[in-house]
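Colleague: Please take one part of this model and go through it closely, for someone new to reading structures.

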Amino acid sequence: FGERNDHSEDTELRFVTCQSLWNEIKSETQQVQEDLNKQLFDNLVSFLRRSHSEFQEKTTKWTCQMKSREIPTAALVLGVNVTDHDLTFRSLSEALQDNITPYIALLEAKDCPGIKNLMQKLMGKLMNCYIDVNSLEDEDYVQVSQNRIRCSMTSLINWYKSVTKKADSETLSKKRTSSSRHWQSPPVVVIFKDMESFTTKVLQDFIVISSQHIHELPLVLIFGIATSPMIIHSLLPHSVSSLLCIELFQSLSSKEHLCTIIDKLILTAQFPFKLGEKVLQVLINIFLYHDFSVQNFIKGFQLCVMEHFYSQPLSVLCCQLVEAKKRVNSLSHDQCENIRRLPSFRRYVESQASEKQIALLTADNFLKEIIQKLLEDLHVYHENYVLVLRCLHVFTSFLPKYPLGKQIRELHCACLENRVWETKEYESCLQLARMLNKSDLVTMLQQCVEIFVSSSGKEFGKTVEKLKEFLTQFQELEAEAFQEQDVSVSSQKELQKKTDLYRLQKTLMELKESRRSKKLTKFEMLRSEVVDYIDSLVRNYLVPADHKTLHEIVYFNTASVLRGHLNAAPRIALHTALNNPYSYLKNQALKSNGGSISNKAPDICIAYKLHLECGRLINLVDWLEAFSTVVNAAEGPDADAASSDQVDDIVHARFIRAVSELELLGFIKPSKQKTDHVARLTWGGC
């Protein structure tokens, strides 16, 4: 925090504030993820209970089932967001260890190229999870852990029988109730984290071997699948897949997961830190077009928090409202001047009377009073904004089309970008809303009432009364509709009685004229009134954040900085590092003027800058001479001639290593045209 803003005040306080804020966000994120995975984990726990409840009871049902040698298998479809799978499996392992069994092995394809490696990893994982601090002193367990070298299913079964038998005897002797969370004969759960990456032979051999011993070892398999459950049948022939009793489990999609994260972290007044429209769009685009990873989205959000507190000296006020008001009173004169330089505050000053302008620009105490009021207004704006945004989302979700987007995050970005009521998409929404039927309108109003009632403030008390009044009017219209329906039926019967052609034509013409000049019905008038009222809420409360004074304190809007951190540009980074090593190493000796080459630079940097001056083919002898000239530039004319041959050998070795490194990075390659030349592979600037 101190490198970029050494002159700024309260650097340590900003760091503490940033750390505290992120801890709160991290805690909320973990709670959200636990809630989202709870249903999935509960289903898996129920599956394990069903699979091996018979094994504990030693019933005939288990014996009959195991005669078919079927292994209970859970196919867990997690989606293509592979980077999120680590957290999911870690949470799943903890849930199973807390409720079902201590014997869990998480296997990855990179560690199991063969069946022997798989058995080694499996037995090592199981024995490590069983041995705890209290059991390390027992020789039996140490002896058991050494048996993993045999790597056979028989050894595994013997180990399982010994540990479960001893656990049962300890439980009976000590009569402990703390171990009741684990079953008497807990299953052995083997999780294949990335099933698609396992070789077919390894999976087949393990399944066939395990099926032959399933009556002795209560084994359960969990396949982590990123693509489709059909991959099981693609990898395994029918003779092997028939040995599995498969049940499918589907996790929440990453898009739904992201929507929940955005709803809890961004569309809330709980956290003072906010993301600007462009920054949020960068994070969402990376999610949608790169990896679908919620964890990477959260890491990007964390980067935004750090960058905001790192680059914005006034971020010391980006905290809860009560604390922010206290900190305003302790602002120094320099910090007050920083506030006066904010573009949003300048606009605010220009809109005030001349006397107040002078006071705002000269009197620090008066400025602090105004800042407290403006921060409170900004906090109220966020609370009202979220409520009205949710109401507008309910409003647009009933439309047959989604001009402003189907997800609330799309609606949020549209509102942050500009005045949403001035866009063509919003006008299309209003036109479609004026064609909604009564049932949709009533449902929409009921949901909006629930949203506003859930708020703690009194800002929308009159709004709730108005919406309830609309609901009452719709109920009254429904009662009147039955009466009008009876009248219309009677008029149609009278019309049918008129058999005179002239009178019939005259009556039809009158009906046609009345339809042309027909006035709006009570329902249409009420529907239009509801739409206009929702429109007024949007215009009053969904003002873009950059129109609010002091929004720079809580909003991070530097999308270019975030894009530079998250969007990898390896060629530019590599060129910068080799062409100007000072930009990374920060060594004053590496500073160079213009296109000069410093002999203090690393060898690969010297060789790289020399190769930029060459054509398509590079003569290695000429390149070596130029390299030697640069390296020996610091030596005077009185250099020791006796050691010149040794120096040349050292320089030669350094040159060969630098050339090999450039070849490894892909800048050059050997040429078949001339043996003493290399071909250059990169052209143009970055």
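Modeller: Ser211 lies in helix 7, residues 200–212; helices (H or I, at least four residues) and strands (E, at least two) are DSSP runs, numbered from the N terminus. The model is predicted: local features need pLDDT of at least 70 and side-chain atom pairs count only at pLDDT 80 or more, while totals for chains, interfaces and linings use all residues. Residues are numbered from 1 along each chain as its sequence is written, and side-chain values use heavy atoms, with hydrogens and water left out.

Ser211 has a relative accessible area of 1% and is therefore buried (buried means under 20%, exposed over 50%, partly exposed in between, with a 1.4 Å probe and protein chains only). Not counting residues up to four places away in sequence, Ser211 touches Arg69, Ile71 and Leu243; contact means heavy atoms within 4.5 Å.

Helix 7 lies across strand 1, strand 3 (188–192), strand 4 (219–225) and strand 5, and runs at about 160 degrees to strand 4. Axes are lines fitted to C-alpha atoms, for helices over the stretch in contact, and angles run from 0 to 180 degrees between N-to-C directions.

Five strands form an open sheet with parallel pairing, in the order 2-3-4-1-5. Strand 2 (104–107) and strand 5 (244–250) stand at the edges with a single partner strand each, so one side of each has no neighbour in the sheet. From one strand to the next, the twist averages 20 degrees. Strand 1 (residues 71–77) pairs with strand 5 in the parallel sense over seven bridges; two strands pair if DSSP finds at least two bridges between them. Val77 has Gln250 in strand 5 as its bridge partner.
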